[in-house]
Each structure stands twice: as C-alpha cells, then as structure tokens.
Number of protein chains: 4
Amino acid sequence: MTKEGLLPAERLRNRFHLRNKYHAALCAELFGTFLLVFLVLGISCQHVLTGSKLVSFLSINIGVGFIVALSVYATYTTSGGQLNPAVSITLVFLGHISIKEFIGFVIVQTIGAFLGAAAGFAVYQDALNYFAGPLRTITGPNATAGIFCSFPAEHISNCTAFLDQVVGTAILLFFVCVFTDKRNNVPAFLHPLCFGFTLMLIGFTYGMNLGYPINPARDFGPRLFAVFAGYGWEVFTYHGCYFWIPIVAPLIGGPLGAFLYHTFIGAHAPDGVEEVKKVVLPSNGDESELLNNA
Amino acid sequence: MTKEGLLPAERLRNRFHLRNKYHAALCAELFGTFLLVFLVLGISCQHVLTGSKLVSFLSINIGVGFIVALSVYATYTTSGGQLNPAVSITLVFLGHISIKEFIGFVIVQTIGAFLGAAAGFAVYQDALNYFAGPLRTITGPNATAGIFCSFPAEHISNCTAFLDQVVGTAILLFFVCVFTDKRNNVPAFLHPLCFGFTLMLIGFTYGMNLGYPINPARDFGPRLFAVFAGYGWEVFTYHGCYFWIPIVAPLIGGPLGAFLYHTFIGAHAPDGVEEVKKVVLPSNGDESELLNNA
Amino acid sequence: MTKEGLLPAERLRNRFHLRNKYHAALCAELFGTFLLVFLVLGISCQHVLTGSKLVSFLSINIGVGFIVALSVYATYTTSGGQLNPAVSITLVFLGHISIKEFIGFVIVQTIGAFLGAAAGFAVYQDALNYFAGPLRTITGPNATAGIFCSFPAEHISNCTAFLDQVVGTAILLFFVCVFTDKRNNVPAFLHPLCFGFTLMLIGFTYGMNLGYPINPARDFGPRLFAVFAGYGWEVFTYHGCYFWIPIVAPLIGGPLGAFLYHTFIGAHAPDGVEEVKKVVLPSNGDESELLNNA
Amino acid sequence: MTKEGLLPAERLRNRFHLRNKYHAALCAELFGTFLLVFLVLGISCQHVLTGSKLVSFLSINIGVGFIVALSVYATYTTSGGQLNPAVSITLVFLGHISIKEFIGFVIVQTIGAFLGAAAGFAVYQDALNYFAGPLRTITGPNATAGIFCSFPAEHISNCTAFLDQVVGTAILLFFVCVFTDKRNNVPAFLHPLCFGFTLMLIGFTYGMNLGYPINPARDFGPRLFAVFAGYGWEVFTYHGCYFWIPIVAPLIGGPLGAFLYHTFIGAHAPDGVEEVKKVVLPSNGDESELLNNA
C-alpha cells in the first residue's frame, strides 16, 4: 500500500539534509522565527482590523501562547526552539552556545521576523485597506502600526517601558529554566506547551503596558518592514525613539531571569529522586509523593 | 459481577468487524466526518442564532479546536483521523496512501459532511425558525447561511480568499507533520489534542477573512445540503462562484505545508536521541536536556 | 521529620476503609455527585446572580468542563467516576455493572445532588437575596430558578428538548467510550481531563437549547431542592411538565452513544500496536507513526 | 561547542547550594511566594486599572490558574510548592511537617508576599497614577485597593465571607489531596498543572463573593504593603475588620478539605492496580480499563 524505501519525506531529507548541526539550527531558526512572526502578525491583524471585536486581549493572550508553543514544537529538536535573541543570549550566559553562534542566530531570527511580517501583510492587505483606507498611522482611530510592533501609550514613560521589558523577559526565561531543569522532571514533550503557558501568563500579568514584545527580533524585524509598508521612519522615532527598548531590555531581562531561578531555587533543588523522597514533604503514607513520575 | 467473555462491546465487534483495513478506515472516516460536521454545525448555530451573544469568535476558536481534537481521537487508530480531503491528499503526497484510496476517502468524507449538516439542522430547527422565521438568506440581518458553510465578506476578493485558504491549510498540515514526525518525540496520545491546538491557532491568526473552512468536505457537503434546506443554488453562485475556492485551495495548501516542514526543518532534525544530546543546545549541567522524554 | 507508620491519612483509612468494593463505590459516588452539583451550582450562581456579567456562557462551558474533569479525578479509581445515571446505565448496557448495582448508584447520586444543591444554596444566600430580594421565580428579570436546574425557553418544544437531551448524552457517552477503549491508547491519567473536554464540547455545540443538563441526577436532585427553597412545585409543572425529559432522555442517549461508537468505529479498530503499524497510514519513513506511545 | 564541567548554572549551584533541606525549602518558599504575589498583582492591576476592559473575570480565573501552576512548577521539587499557609497547615495536619517548620514557612511566605506586592507596585506605578491620580481609595469609581487584597462587597456579611473562605480553601486542599494521592495515579509532572486547574475551578464556582484569596499570606502581605502605599490602616478596619477572615478561615478550610477527601473517598480507594482491575468497573473486554497508565 505504500512505496517502501523512497517515501517523499525521506527523499526530501536525503536531498536537503544539512549535516553541520549549526547550519541546521540556523535554518530552523530562520523558518521558525518567520513562522512565529507570521502568526503573531495574523493575530494582531485580527485584533486591530476589527476594532478588538473579533479578537480581544484575552484571545491575544491565549493565541500568542499557542503560537509560541507550536512554533517551538516545530523547531525544538533541531535548534532548541529559541526564536528570540533574549533566549539565545541566555544560552550564552548559561554556557550552551558561543557569542559567535549567538550572532548568527540573531541575524537569521531578524531576517525571519522581517519576512514573516511581509507574508502576513500580504494575506491581510484587503482587510487593511478596508479598515484604514490609504492611511498608515501610528496613532488615531484608524491607527494600524500596532499590527507590526509595540508602541507605548502616552502615559507610559520610557523608563517604565524599559523596566516592563526587563521584567517580562525575566519571567519568560525564569520559567524556561524551570521547565528545562531536569531536576524538575518535566518531560521534554511538554516543554513547548509549558513555554506557551508562560507566554499566556506574561500576557495576563505584565502585558498591559506595552503588549509584551519581549523579543528583540520579533519587534525590530516587523518594525523595519513597517517603514517600507508606508508608515515611514516615524515607527523608529515615535515616543522618544522608544524602538531600542524592546531590543536592549530583553537582552538584560533574559539572563536576569535565568540567574534568579538558579540562585534562589535551582541551586537548592535536590539532586535525584531518591534524595527527594526523604525530605521536607515525604511520601510514605498515601499522599504527596513528590516525584513519582509517569 | 460482569458477564465474562461476552461483553456487549465484544459481541458488537464480532458481528460488525471489518477485516479489510481500508474498508474499516472508510467506515471510520464516514462516521468521523459526520461527527465533525455535526459538531461544527452546532457551534455555528449557537453563534449565528444568538447574534454572537452566546458564542463569540473566541468560543468558536476554542470550540472548533476541541471538535477537531475529539473527532480525531475517535478515529485516529482506525483511519488516521483524516476527516479532511486536504489531509488525505497530503498523505498521497507523502506516499502513505494511493490516489485510488484518496478518492474513496474523499467520497465518504463528503457524504459524512452532508449527513452531519442534516443532523445538526434537525436539532436546531426550532431555534432557526425562532431566529429567522421562514427566511433563508445569505446576507442581511437575519442571514443564516453562514451556519452551513463559508461566505466571504464583500471586501475580500476571491484572490485573497484563495491565498487565505492556501495559507490556512498549509499551517494545518505543517503542524500535522511537526507532531507526527517521530523525530520530534511527541507521544501519539497527544497528537489529536495538538491538532486541536493547531486549529485554535489558525482561528486566532488567519480565521478572520473567511472563517477558516480549510477542509473541502466540511465546506462542500453542508453547502450542498443548504441548497435543499431552502437557501437555493445561490450558495454556489454567491460572490463570483466563490464556492470552489475552499475546495481547491486546501488541496494545494496541504501538500505545500508538508513540503515546507520537511524542507526547512524536518530534513535537518537530528536522527536520534543520542545524536541530539551532543549538539547545539547540549544537556550536561542542570539544564536544557532536549529530549529527556517521560 | 515525619511521624512514621501512623500518618493521619493512613489512620483515617484504617478507621473508615470500606472493604466491600460496591459500598466503597457507593460512598464515592455519593460524595462525588455532591461535589459535582455543589460546584455546578456555584458556577450557575455566579452566572445568574450577576446578570451574566461575571460568568458568561463561555465561562460556563470551560468551568463545567473543569468541574467534571476534577470530580471524576476524585472518584475515578474508587467508583469509575460515573456521577451520572446516564453513565451508569451505559455501564449496564456494556455489561460492566448489574441492574441492581445501577439502582443503588442512581439513589446515592440523586441524594448527593440534592445535598450539593443545599450546600451551594447556603454559600450564595447573601448574593441571592441581594439580587432577587424575596422573589423566587422561574421567569422574569429576577428569575433565579435556573440556578438549580434546566428550564427550556418558550420557543423550544418538548419534542426538540427530548431530542436535544438524547443527542447531548449520546455525544458524552460516545467520547467516554472513545477515551476508555484501550485500543485507542489514551493513558488513564488523562481520561478525566478528556471527559472534561467532552463536556466543554457539548456546551459549545449543543448547549444552547436547554443548557445541557445531560445528567438525570444533576437535574432532578436540585429541582427537588428548589421546591423547598421557595420556588414551589411549579419547577416540576413548568413548560408542560418538562422535568421528566432530562431524566428519561439521557438514559436513552447514553447507551445510544456507546452503541454508535462500538458499531461504527470501535468494532473496526485494529487489535494491537503491531497490527496497526502495517495498515492504512503506515509509519516507515519519518512520519505518521500512529501508535508510538510515550 | 560548550564549556564542559563548569557550566554557569553548575557554578551557581556549587556556590549557593543549601545542604539543609529545610533551609532550601524556606528559600524556595520565599522566592516562590514573592513570584506568586508579584504575578497575581500584575493580573489585578490589568483588571482594575483598565476598568475590567483588558482583563475580565474569566481572564482572571484562567490567569490565576496558570500563575499557581507555574509558581508550583518552579518550587515543587524543592519545597513542595506550598506557597500558602493553608497548604502548610494541611501538611501539619497530615503529619508531613512539624508545627515548628510550619511557623518558619508562614513567616517566609508572608515576607515573600509583601515583597511581591512591592515589586508589582513598582512596575505599574505609571498606570496607577494614570488611572487614579493621587487617589488611593478602597471604594468609589477610582478605587484601587482591590489590586492588593480582597475587600467584600457591602451585601456580603462577614459570616458569609468566613463560610466562603472555608469552602474555597476546602475545595483547594480536597483536590490537592486527590492529585497527590498516589492511589489515583496522576503523574507528578502534571500535579502543578492540576493545582492550577483547581484554582480556575474555584474562581469559576466560588470566586464571586470575595475574589477567592484562600491564602493567608497572599492576602495579608499585600494588605500590609497597601498601608504604606498610601491607603492607610483602613485596609485593615474596612467592613468590620474583615481582614482577619482570609487569614483564619483558610487555616480551617484546608485541613477540612483534606479530611473530607480522606474520609469519603481516599480511605476507600483500592490499594493497587491489580486489585482495581477486578472491581466495580472491570476491564476485560475492550472498554473501561481504569488504570492502564502510560
């Protein structure tokens, strides 16, 4: 019933397979970030172009959570599902990749994000023209620049914006460390889903000020595309040249979150299952076995 | 306490069991697509017949996700839970089934979808009459044709509609390939749930233009039923004979999504667990073991 | 650090443990149905007593799903987490329990439901008086009888109501059979969660007409309590003595759903993992291994 | 590609690792409760400071569920993820920790909660000033004290409030016992998620009266901070000195919930898998295997 030995997927693999693991990771990061931004742009369009009617803030929170979860599922075994320079720099901080590799990842992530914005723009052109006509503005009733990247409200100072981005990214990388710390025994097939839950959490708790970009590539790539899509360089100069904040702050917040986890909790986690069973909340009797994994 | 050896479920099995695997799969696809459309029609009725009050777009996204997840759970071991010609043609493209088998699947899927629409119509007849009286229209304040199949808004060109359907189905099959690629180590009992998450994702990101049918059988079967349910042949002629777009475009988008996954990511995924552990994001130390499955 | 050998939970167990498995199951069903209805009443109060502002239909769907999931988790190993005469009668139909056992289960389920309604009423008395004053009515702007049990809208005929309840319960038991059929390989620790997803599904798709009671004990027990809570016997006579429909229809729908699953799908599922791997959607190559469980 | 043997995370561990398990648990509880309250404060700010527009009661329920799930994931192996004096006292009641240990946990939990409130306040200062100007009030249109801790509506008597808190905490600890009882076979890596589902459940069902604090540290710590943040001591005297109710009632409700579970259900659960298979809902045939774990 099936053609043995030459299934198309295997043929594609034989033809395109990149043997160099770093090149394979670059390729996955390029496509993964493209996908991430393409999907995020879709949800932004559905939010902005219907005046929040179809897609509310709750929908955005849940939707972005699933976007991150699924994009990471797609790339987790090949590149670790970074898709975010803040994750990559934390991997440098934790000694898993080198600065040189980091730079390569950031470049492809940014290119992927730019292309993802372009692709999303293509699918929603009709709806954009229907909503805003020929106008391409950052503020006002028909503002649509928020589709591409973050713009703070008037009453948020750049100082608060910076703090907000440090905090948001710190929460993200804190929980990435929680889930990937093997002492916590969360099986790998659930990691991407848990990262998605973390994104939902950030949206629910610290997403109001700026819309939680917490990803330099995701914010800068589409912002650059927006210049060419008719919004002009104001997307960079707006609000006291705010644009650099979601680029720089996450690069500080990421390692900070990892540091906080490892210092306050990870460093004290028991080493193995046997050891755990004898401590604080023991498990003889019929309750509270801390580590009886599946 | 139980009657050994002759449990009713086993008796049914002995009586009806289809030994031919292809016939068994056809039977499961027929009933599974019936169920899928019956449930989708239910959620559409709750959306349309209450003026979006009970069931919002968010509810539709979540609900349709669960509908797909549960329908696939019901049929996954027997027929692979295709329930969609776009999935079936991708299985042809990937060499898992033949063209001849594909045609058989499409026929039963379409019959199932037609019958599912009829059954859903029966349960909601009272509510339909209460909402629209004797009117059966595609547009206007009491329009109810949207219960059965997709109709684009005026400002969406058929060109955009076609692109939209290619994109939506490509996303679907892209992630189906992600989850079923055994190199990604997602356990099979989670696959149907993950397919459901994918549907939610599509709804949140690229569902606005047309309501994401992305399934030729699901769109055509109920559309045909709508003709007999009082809407007439206008359901086919509406918007420049739009009806063929959600039939043809998904058949292109599906294989495209599979191709993109296998070319950009799948082809480069490491072959086995041992190999993975030594690459880009290694796992010695207390973090980031990529593949410590349950 | 802990007192070995005499942990309180074990002491309670030694003191109260029912050796007779049927008595243990009766006890679990009594408390489990109490809990189920106590929680469902809570969500109904939050819906009705705030004029749907706090808790919308979407919240009800999600909330009831979690209520069922968690109540079943509590009782799954002890009594199978039936909590519903429609489930119990399906177990009779499937040969797992006898008619005599069924009657015992129904009695304790109904008692549990009555007591659960009383307990929920106690917690929300202040809020009820604040919302409706001394009024206790089934219809009108301050109607609150819907907190306790289902009342159809005027335009729903009892005939449609009956069909609706058969359909809803059939969907429920259909999927209960899907998840518990060991040929489908869904691990037992996920069953209660999957039952919860099924309830969400029913709410999203066929919950509009009557509010999907689909549980004779859950509907009758609180209805009886409502008589004493000041609503009088009208809760039984309303809408052409509608009250018997959510009692009788689910007892038909449940076995029907099980029959449909086993006839159309279950009977044709492949027998074991090895067999599956060789059929319709095979798994050599890098995709689509149907049954590679965790 | 990686620097072997001296990964930063391991270096941090070697430097900070607390060998005394109780001290490690205290450290984790301090940081975990800080995190919990920091996140809860975030969601409260997004709710209150946008007039419920961004974050509705549904969003709060879902968000708080994820906050609890993720905070417990972070601390589960190190301290059991208590983060709540009501959980800690139940562990005393169940014989897992001593009174002396309990007192230590409560102190660090309260300090953590106080600091978490301070940190959340810092991030949302701009938005708070924008919403309420210099006003810091408990009632009225610009009331913001609800960001920090619970305040009952006028029509809720303190008697009902006490009952409400006993009930809410009893539900929480009832289900904590369900999930951690090893006879119920829920794998440990799902426990934190299941605790999160329990929180969602409580919000959906018994969250209306007071906003379900059900955690003495989470309510008292931020309340104390609110005094210094400009609200004055009225946060303690309001509504007949209500403040002690969410401190005392949960300490009763917690053990009550554990007692109810172990008396009515846990005591009667079958001892092992083999035993289960032979009782009430047996598993020969193709259905209803109660305990076929992954």
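This is a predicted model: local features need pLDDT of at least 70, side-chain atom pairs count only at pLDDT 80 or more; totals for chains, interfaces and linings use all residues.

Trainee: How are two packed helices described?

Mentor: Two packed helices are described by the angle and the distance between their axes. In chain C, the axes of helix H9 (residues 216-231) and helix H10 (residues 234-241) come within 9 Å and cross at roughly 115 degrees. Angles of 65 to 115 degrees count as roughly perpendicular, so H9(C) is roughly perpendicular to H10(C).

Trainee: Which residues make the contact of H9(C) and H10(C)?

Mentor: H9(C) contributes Phe220(C), Arg223(C), Leu224(C), Ala226(C), Val227(C) and Tyr231(C), while H10(C) contributes Glu234(C), Val235(C) and Phe236(C). Sorted by class, seven residues of this contact are nonpolar, none is polar and two are charged.

Trainee: How is the size of an interface often given?

Mentor: The accessible area lost when the parts come together is often used. Between chain C and chain B, about 6,200 Å² is buried, with carbon and sulfur atoms giving 69%. Chain C supplies 66 residues to the contact and chain B supplies 72.

Trainee: How many salt bridges and polar contacts are found across the interface of chain C and chain B?

Mentor: The rule finds one salt bridge and 14 residue pairs in polar contact. Glu10(B) forms a salt bridge with Arg183(C), their closest N and O atoms lying 4.0 Å apart.

Trainee: Which element gives the most to the side of chain C that touches chain B?

Mentor: H7(C) does, with nine residues. By class, that side of chain C has 36 nonpolar, 22 polar and eight charged residues.

Key. Residues are numbered from 1 along each chain as its sequence is written. Chains are lettered from A and ligands numbered from 1 in the order in which they are written. Side-chain values use heavy atoms; hydrogens and water are left out. Axes are lines fitted to C-alpha atoms, for helices over the stretch in contact, and angles run from 0 to 180 degrees between N-to-C directions. Helices (H or I, at least four residues) and strands (E, at least two) are DSSP runs, numbered from the N terminus. Angles under 35 degrees count as roughly parallel, over 145 as roughly antiparallel, 65 to 115 as roughly perpendicular and the rest as oblique. Contact means heavy atoms within 4.5 Å. Ala, Val, Leu, Ile, Met, Phe, Trp, Tyr, Cys and Pro count as nonpolar, Asp, Glu, Lys and Arg as charged, and the others, Gly among them, as polar. Buried area is the accessible area (1.4 Å probe) that two parts lose on being put together, summed over both. A salt bridge is a side-chain nitrogen of Lys or Arg within 4 Å of a carboxyl oxygen of Asp or Glu. A polar contact is a pair of N or O atoms within 3.5 Å; within protein, one must be able to donate a hydrogen and the other to accept it, and residues adjacent in sequence count only if both atoms are side-chain atoms.
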